[in-house]
Amino acid sequence: MSLPEYKQAFIKDCVEAGALKFGTFTLKSKRISPYFFNAGLFHRADLLRSISSAYAHTLASHSNADPSFQFDVLFGPAYKGIPLAATAVDKLADLDMSKYGKKSYSFNRKEAKDHGEGGNIVGASLKGRKIVIVDDVITAGTAIREAIDIIKREGGELVGIIVAFDRLEKTPSATDDDGQPRPSAIGEVRKQYRIPVLPILTLDDVVEYLRGLGSAEDLKRLDEYREKYRASD
């Protein structure tokens, strides 16, 4: 199996935790999917350690491959992104204290604080800093665009986004089985903002993992779904 060890370990933890399931699932888009991913189940200490380590490895791998990719702050949009950003920056320091030990995290308040120091941001200031957003998934792209607007208002520079999973599937349409090519929500964000959007895992990774295990039935259903809804980007 050619997947990096951190990806293999993360997939294994996802399956054991029930965060990645195989079967028959009706998505919000009304598509019938042969798998379901739910990062919200990573609330247990060992699982939080697993996902935060995977975020850190993904960021470090991209940074090593592209030295121009530099960031100062991991921003976790309230509420799901808060623990993800905080724990990911800690795991980055574990990987390389000299390189990542001074990196910070921050998050937004849902309601502005009108006493004390006030403001919408908790943690590191975003002003004049290079920011990476940390979130679980990008579905329609609405929430991530809200986070991008916050960063702009605070004077930060968005340099990337990292998510746990990329389904690699095209956005839904009124006639979803029309066979027409369309980009994914992640592809639209990449194109609009011209920044890297880094997934820990993609559907292709899961297919490769299952192929290595010889899971013929699940693999067949994932392959069929992937071909039917593959994004044009």
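## Strand 3 and its partner

Phe-75 has Ile-133 of strand 6 as its bridge partner. Strands here are DSSP runs of E with at least two residues, and helices are runs of H or I with at least four, both numbered from the N terminus. Strand 3 (residues 73-76) and strand 6 (residues 130-134) run parallel and are joined by three bridges; two strands pair if DSSP finds at least two bridges between them.

In a regular strand the side chains alternate between the two faces of the sheet. Strand 3 is covered on both faces, with Val-73 and Phe-75 buried on one side and Leu-74 and Gly-76 on the other. Buried means under 20% relative accessible area, exposed over 50% and partly exposed in between (1.4 Å probe, protein chains only).

## Basis of the values

This is a predicted model, in which local features need pLDDT of at least 70 and side-chain atom pairs pLDDT 80 or more, while totals for chains, interfaces and linings use all residues. Residues are numbered from 1 along each chain as its sequence is written, and side-chain values use heavy atoms, without hydrogens and water.

## Aromatic pairs

The whole structure holds eight aromatic pairs (ring centres of Phe, Tyr or the six-membered ring of Trp within 6.5 Å; planes under 30 degrees apart are stacked, over 60 edge-to-face, the rest tilted). Phe-10 and Phe-42 form a tilted pair, 5.5 Å centre to centre with 40° between the planes. Phe-10 lies in helix 1 and Phe-42 in the loop between strand 2 and helix 2, so the pair ties together parts 32 residues apart in sequence.

Phe-69 and Phe-71 also form a tilted pair, at 5.8 Å and 45°. Phe-71 is buried, with a relative accessible area of 2%.
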